[in-house]
Structures are given as structure tokens and as C-alpha cells.
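Good morning, colleagues. Please have the sequence and the structure open before you, and I shall take you through selected parts of the fold.

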Amino acid sequence: MGKVTGFMEYERIEEGYKPVPERLKNYKEFVVGLDDTQAKTQAARCMDCGTPFCNNGCPVNNIIPDFNDLVYQGDWQNAIDVLHSTNNFPEFTGRICPAPCEAACTLNVNEDAVGIKSIEHAIIDRAWAEGWVKPQPALHKTGKKVAVVGSGPAGMAAAQQLARAGHDVTLFEKNDRIGGLLRYGIPDFKMEKSHIDRRADQLKAEGVIIRTSVLVGAMPKGSKVTNWSKETVSAEQLRAEFDAILLTGGSEQSRDLSVPGRDLDGIHFAMEFLPQQNKVNAGDKLKHQLRADGKHVVVIGGGDTGSDCVGTSNRHGAVSVTQFEVMPQPPVQENRPMTWPYWPMKLRTSSSHDEGCVREFAISTKEFIGEKGKLTGLKTVRIEFKDGKMVEIPGSEKTYQADLVLLAMGFVNPVATVLDAFGIDKDARGNAKANTELMGGYATNVPKVFAAGDMRRGQSLVVWAIREGRQAARAVDEFLMGFSDLPR
């Protein structure tokens, strides 16, 4: 722990933001991280609470009290060693994880939680600046070959762990660059892609072969995605060439909204909109980029993807941005004694909302309207929940002007073609069916084929993807060698 009485002496210190007018001019990160003194003060607030609920609240089980104490003591190099022992990519989680560890912090019962995420952010940024993040190639090779299909955080974590165990790992990615939804879903202003590129270089130095623009299976019929692969590899080819295969693709099938007028020009999935801007930021030339300039934008979906659409639309220069959420507005402050240490339901305002956005809750879209095939607006109705059912409120109908509607209502399951190519059994939601038991975990019904991350559990957080990638790597290593020294 840090200072014994620190939690009574110091207030929580939040990371800062650059001013809205400044950050709207570009797609650069705008969070101002803690300096060394601020991080030390924040770490001093970590209590000697006996049971570190933060550790259990964190899906990768970061050893939070230990690295907090090391930061307080000024031992940054050991702090990154502790952090890396459970988390392959703290620069990802330190930027985009919602920090369930802070919800579980003992201080959060009746005070402001320790700023764990900001300390993690400070540790990894210091480590990169000091040159402490280095490749860790295996000392001995096993001669076993593993294919990891999908290069999001689950795939990257699994590939790194398996390479460090001595296996020959090939990481396959259907897009032109690795990173999955970190690359083509998360906007650059939340996480610049140089962080992925540095880790890609580290993976290569550790022996991972990265093959981009390679689609495993077949292209989904009617796909509108423009950044897909040029080469196709069959499931049979992989099974013949590799000793084990780990499927770590994302949950990319967007939830649709089937109401009258859905076929009007001007209605798009968020994952048609967001990847294009990320590609442009990377220097790619796109014809007919989907943009929000001069448009009245309505984002349907109140989660993180919707928030990302808000921030991107404002940077494009939208005339107005409105975000719809079908659920009622949650309370501004949760009842902490009732919800702690679990993730609370409360109103969350993102940095994108602060940049300009009207938020509408308990609202449902009834119909899209337009002229000459082009979207001009949408008809809505207010709703409420009665006896566990969603019902419309009579007389609450309203029409909103809209030139662009972005559907950001979440993702229902992985693109089925990969799973179908291997003959993988699916659960009721269309995800790969694979358990997470200690022995034989993450194995599918197909011999030597494993599944982890969003492909197995459905749409989830980056920290869950890293956890599953690490655990699946151990399961694959154990399958290949009969035992595993990799951490679970």
C-alpha cells in the first residue's frame, strides 16, 4: 500500500482534458495524464483494506495495491513489471477501459475511489519513455506451430503469451493492419494507433509472424466493409499446417433497426462510419468517405460506440448531434452502499458528450422518413417500463430532423463465416461455444481449435479480451505440451 493515512489526507486527482475548441480541430489524444507527483499522491490514497476488492473487480486481476505502493515509493520500473505480469497492454486499458477496478475500490463505498486507471496510464507511459518495454523472445523453442485468427486485444495477448512460451505463432488478420476494433472501431482521439504499432513491433521481435489482409474462411455475402482482405485461407489449410488454432475474432455483426424507411439513403451502421475516419487518419485515401459535415446527425444507441460516433461527428463539423437511448436516464449518483463492489448503473457523461450533444433517454424510433430516397428525419415516441415491459406513452410522438443516422446499438455475434468454416458449435447468441474450465478451457467441439475473446463471450471490454487471450494461451500451451508455465 501507499501512505497509511493517505486516503484521509488526499482527494482524488482526475486526469485533465485539453480544451474542447482545441481538441475538436484534430483526432489526437487530448487526455492530460498525471505527472509523477500527482501519481504518487494518488497512489498514496490506496488503503490497507485487507481484501483488495479492486483486484477481483479487474478482469485481468491486476495486482493494484502492489503497483500503487511502488509508484508511491518512486519505484516505477518495478511498478511496470508488476503491471505487465497480469496485463500485456496497459496502454490500451489505461486509455479505454471503463475501470471496473475503481467501482470495486473499498474507498468507493462512501468516498471517491483511488484513480487506479490514471496510475496505470502513468506507469505504462513512463515505461515506454524510459525504454523499459522490450521484446521478451523465448529462450527455447518447442517446435509447435500455432495459428491465432484475429488480431484484436485477445489475439495480440494470446499471440504474445504463446510466443513467449516458445511456440511458432502466426497471427492472421483480415484487415490491412492489426488491432481489430482497437484499430478500426476506437477513434484515434481516444487511443492513437501508434500504441498498437509499437506492440506489433514487439510481437515481431518476439517471433510472431503477422499476416494481414488474409481472410480465414469466406467473405460474408453482401458485406459492405471496404477494408477486408485480399487473400483467403481455408480452415482446412490451417488445420493441416498448424498444431493448434485459436480463434480470437471480434463480435462484429451489428444490431439492426428494422422499422419503416430503413432503406433510405443516409442510415448507416456505426462500423461503416468509424473505421473510415480511422483509415483516413492513417493516411489512406478513400473515395466517398461517409462524413457528417453540415448534417443533422442522430446516433441511435447510448453506449460507448454511440459516444464515439458523437465525437467523430463533431470533429467532422456536424450542425447538430443527438443521441438516442431506449433505456430511461439512470441516476447521476449511484447508491454506493447498495451497489459496491459491483459495476453501478449511473449516468455516464463521456468527453464526446461534453463536446456537444443532446442526449435523449427513454425514446424509441418508429419510422425513418425521407424524400426522393434520401433521409430527412425520423419519427419517435417516448416509452416507459411497466410490469417489466416497454410500452409507448400516448401523445409523446415527435419528429426529429436528420440527414445522417448512425446505428450504434451494439453487436449481436461474430461474423458467422469463420465459425462455419471450421464447423464450430455456437451458443444461443451465435458465439463460439467453448468453456473456460481450468483443464481443457477454451476448446471448441473441433479438435485442436480453441476460441476466446468476443468471439466466445460476445461483445465485451478490452480488458476482458486481454484476460481471455491470456487464459486461452495457457490452455493451448497445456494442450500442446501437457503442462503450462504461463500465468492464468
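In helix H5, residues 64-72, the buried residues are Ile64, Pro65, Phe67, Asn68, Leu70 and Val71. Buried here means under 20% relative accessible area, exposed means over 50%, and partly exposed lies in between, with a 1.4 Å probe and protein chains only. Helices (H or I, at least four residues) and strands (E, at least two) are DSSP runs, numbered from the N terminus. The cover over the buried residues of H5 includes helix H3 (36-43), helix H4 (53-57), H6, helix H8 (100-104) and H9. Glycine 74 follows H5 and has a positive phi, near 80 degrees.

The model is predicted: local features need pLDDT of at least 70, side-chain atom pairs count only at pLDDT 80 or more, and totals for chains, interfaces and linings use all residues. Residues are numbered from 1 along each chain as its sequence is written, and side-chain values use heavy atoms, with hydrogens and water left out.

I turn to helix packing. Two packed helices are described by the angle between their axes and the distance between the axes. Axes are lines fitted to C-alpha atoms, for helices over the stretch in contact, and angles run from 0 to 180 degrees between N-to-C directions. Helix H6 (residues 76-84) packs against helix H9 (residues 116-130) at an angle of about 110 degrees, and their axes are 9 Å apart. H6 and H9 are therefore roughly perpendicular to each other; angles under 35 degrees count as roughly parallel, over 145 as roughly antiparallel, 65 to 115 as roughly perpendicular and the rest as oblique. Their crossing is left-handed, that is, the near helix is turned anticlockwise from the far one by less than a right angle, whereas clockwise would be right-handed. On the H6 side the contact is made by Trp76, Ala79, Ile80, Leu83 and His84, and on the H9 side by Glu120, Ala122, Ile123, Ile124, Arg126 and Ala127. Contact means heavy atoms within 4.5 Å.

Met156, Gln160 and Arg164 of H10 meet Ile196, Arg199, Gln202 and Leu203 of H12.

Is glutamine 161 buried or exposed? This residue is found in H10, and it counts as buried because its relative accessibility is 5%. Leaving aside neighbours within four places in sequence, glutamine 161 is in contact with Asn88, Arg470, Ala473, Leu486 and Pro487.

Next, the sheets. Two strands pair if DSSP finds at least two bridges between them. S4 (residues 168-172) and S5 are joined in the parallel sense over 3 bridges, and leucine 171 stands opposite isoleucine 210 in S5.

S11 pairs in the parallel sense with S18 (residues 404-407) over 4 bridges, where valine 297 stands opposite leucine 404. With S12 (residues 320-325), S11 pairs in the parallel sense over 5 bridges, and valine 299 stands opposite glutamine 323. The chain crosses from S11 through helix H15 (residues 304-316) to S12 in a right-handed β-α-β crossover; right-handed means that, with the strands pointing away from the viewer, the path from the first strand over the helix to the second runs clockwise.
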